[in-house]
Amino acid sequence: MRICRSSAGFSLSGKACGWVFSLLAVLGAAPAQASGDAGTAAPVPPPQAQQAAFAQQSATTDAVLVEKGRKLAVAADCAACHTTPKGGAPFAGGYPIGSPLGTIYATNITPSQTHGIGRYTLEDFRRALRQGVRQDGAHLYPAMPYTAYTQISDDDTAALYAYFMHGVKPVDQAAPQTALPFPFNLRFSMAVWNALYLKDQRFVPDTTKAPGWNHGAYLVNALAHCSTCHTPRNALMAEDSGRFLAGGSLGAWYAPNITSDATNGIGGWSEAELVQYLQTGRVAGKAQAAGPMAEAVEHSLQHLPESDLKAIATYLMQTAPQGGDEAKPRYSHGSAAVAQEATQRGLAKGVDAGWRVFSGSCAHCHQATGGGTGHGEYPSLFHNSATGASRPDNLVATILHGVDRTVDGRAHFMPAFGDAASYTDRLSDQEIADVSNFVLTQYGNPAVQVSAADVATLRACGKPPLIAQMRPLVLPALVVVLVALVAFIAVRVRRKKNTAA
């Protein structure tokens, strides 16, 4: 049994409770009742009353198990991917996940008998969760983080199954089908990938560490699957275990280093700041959540008890530090700049192209000095990890895609300037590069520069990994291999005939 508790605590499954009470019924026993007279046996209820009590107890236990599963599903952030934003049916799937290999659609995981997982047994559910294999035997892509979920305990897996089968409303609606280009559409190839990279083992507590550290490790590594985003990937898109939590590219976004390194990671943060960030998505003078991290805060982290968040902070602050290319902490760059509004507004010539965009689209909210608003709704552009990082991905992605997270019922919003569907003016790649360079020079890390080509790459979901770049060569390579194989067989057959002759 694990030392650390799950975020929902321990509970006995309904089947187990039912079995215990059934055995008591067969033996004619009943739980002893408290009595002021230790020498007097408690009265035995009639059989009908016993059966009613057992049924009520079993139902209560099942409800407890379902509620535990609900809390675990929140900690695992299932809704962020399996529920489409802005009113989608809970867990009905359809959310498009942009990957370097193509768009992957999250599946329907409601208990629908026709379009969901309603026909899954516990073993089917366990296999999908831990090994990435569906009931029909087809392999899931690791956009579903089964490489992390494989560490979830048996008890917690059973609780999750109980929740999705009995606590979620079935939705008889098909999610869009994932159709990656050849050869990535060959799902059976994932069996080879799993053999190479899937470590199918449950979480094992470190007995030399405190319970809080173990609880944080279980949350970070199993349920919250932090390494899925924050660990860099190798050539075959598997996590680089030697660079655990050292930062990873997520298409247009970049999940930064969250190890204990004081310069490149979160070593300069306090535990209180980490907890505040996980709860709210914002810490003044350091960072604010956008993109996938904003989704994690909105759907998962803000709903966890503070004890869970403190455990996560405890674990992260004790991880092995991983270095990087930051010259100083990301949040330490920049200062308020002299306002240029009075001297440059209205000028037709000699005006910085980046300032022109900044003045028209950014200054009203972030202020002309870049200091943000006093109440913190719009953050400062200096002492900000998005403008102080050694790579501009998150600054550019924020301009392209905006910020949209809801915390404690309150929306935190910045419009998208790169989305054609946004109500703002759509900025060109060059305009976004210009305003990014203006912000970096005035308020952030001036050593970083952005080109229009950089923006175009991030607008297209980031630089494709090597495996995606090699895709056009796969089919010709297979043809060459096939021709070589046919030629080899023909030569062998001819030699055998000559030998026989």
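# Cysteines, helix packing and a few loops

Visitor: How far is the sulfur of C362 from the closest cysteine sulfur?
Guide: The distance is 8.6 Å, and the closest cysteine sulfur is in C365. That is too far for a bond. Note that this is a predicted model.

Visitor: Is C362 buried or exposed?
Guide: C362 counts as buried, at 18% relative accessibility. The cut-off for buried is under 20%.

Visitor: And which cysteine has its sulfur closest to that of C81?
Guide: C229, with the two sulfur atoms 8.4 Å apart. A disulfide needs the sulfur atoms within 2.5 Å, so this pair is too far apart for a bond.

Visitor: How many disulfides does the structure hold, then?
Guide: The count is 0.

Visitor: What is the relative accessible area of C81?
Guide: It is 27%, so C81 is classed as partly exposed.

Visitor: What lies 62 residues from C81 in sequence but 9.6 Å away in space?
Guide: A143, going by the C-alpha atoms. A143 sits in the loop between α4 and α5, the latter being residues 146–149. With a relative accessibility of 33%, A143 is partly exposed.

Visitor: Stepping back, how many helices and strands are in the chain?
Guide: There are 21 helices and 8 strands. The chain has 501 residues, and 44% of them are buried.

Visitor: What share of the contacts joins residues at least 24 apart?
Guide: The share is 64%, taken among contacts between residues at least 6 apart in sequence.

Visitor: Back to α4. Where is F125?
Guide: F125 is in helix α4, which covers residues 122–131. Its relative accessible area is 9%, so F125 is buried.

Visitor: What does F125 touch?
Guide: Leaving out residues up to four places away in sequence, F125 touches I117, Y120, T157, L160, Y161 and F164. As for Q135, its C-alpha is 7.9 Å from that of F125, and the two are 10 residues apart in sequence.

Visitor: Now helix packing. At what angle do α17 and α18 cross?
Guide: Roughly 130°, with the axes coming within 10 Å. Helix α17 is residues 393–401 and helix α18 is residues 429–443. At that angle α17 is oblique to α18.

Visitor: Left-handed or right-handed crossing?
Guide: The crossing of α17 past α18 is right-handed.

Visitor: Which residues meet there?
Guide: From α17, L395, V396, I399 and L400; from α18, I432, V435, S436 and L440. By class, the contact between α17 and α18 has 7 nonpolar residues, 1 polar and no charged.

Visitor: Why would residues three or four places apart point the same way?
Guide: An α-helix has 3.6 residues a turn, so positions with that spacing face the same way.

Visitor: What about α10 and α12, how far apart are their axes?
Guide: The axes are 9 Å apart, and the helices pack at an angle of about 125°. So α10 is oblique to α12. Their crossing is right-handed.

Visitor: Which residues make that contact?
Guide: On the α10 side, E271, L274, V275, L278 and Q279. On the α12 side, E306, L309, K310, I312, A313 and T314. In this contact of α10 with α12, 6 residues are nonpolar, 2 are polar and 3 are charged.

Visitor: Which residues of α11 are buried?
Guide: G291, A294, A296 and V297 are buried in α11, a helix of residues 291–299.

Visitor: Last topic, backbone angles. What is phi of H225?
Guide: Phi of H225 is near 40°, which is positive in a residue other than glycine. H225 lies in the loop between α8 (211–223) and α9 (227–230). At 13% relative accessibility, H225 is buried.

Visitor: And phi of M237?
Guide: Near 65°, again a positive value in a residue other than glycine. M237 is in the loop between α9 and β3, the strand at 248–250.

Conventions
Residues are numbered from 1 along each chain as its sequence is written. This is a predicted model: local features need pLDDT of at least 70, side-chain atom pairs count only at pLDDT 80 or more; totals for chains, interfaces and linings use all residues. Side-chain values use heavy atoms; hydrogens and water are left out. Axes are lines fitted to C-alpha atoms, for helices over the stretch in contact, and angles run from 0 to 180 degrees between N-to-C directions. Helices (H or I, at least four residues) and strands (E, at least two) are DSSP runs, numbered from the N terminus. Angles under 35 degrees count as roughly parallel, over 145 as roughly antiparallel, 65 to 115 as roughly perpendicular and the rest as oblique. A crossing is left-handed if the near helix is turned anticlockwise from the far one by less than a right angle, and right-handed if clockwise. Contact means heavy atoms within 4.5 Å. Ala, Val, Leu, Ile, Met, Phe, Trp, Tyr, Cys and Pro count as nonpolar, Asp, Glu, Lys and Arg as charged, and the others, Gly among them, as polar. Buried means under 20% relative accessible area, exposed over 50%, partly exposed in between (1.4 Å probe, protein chains only).
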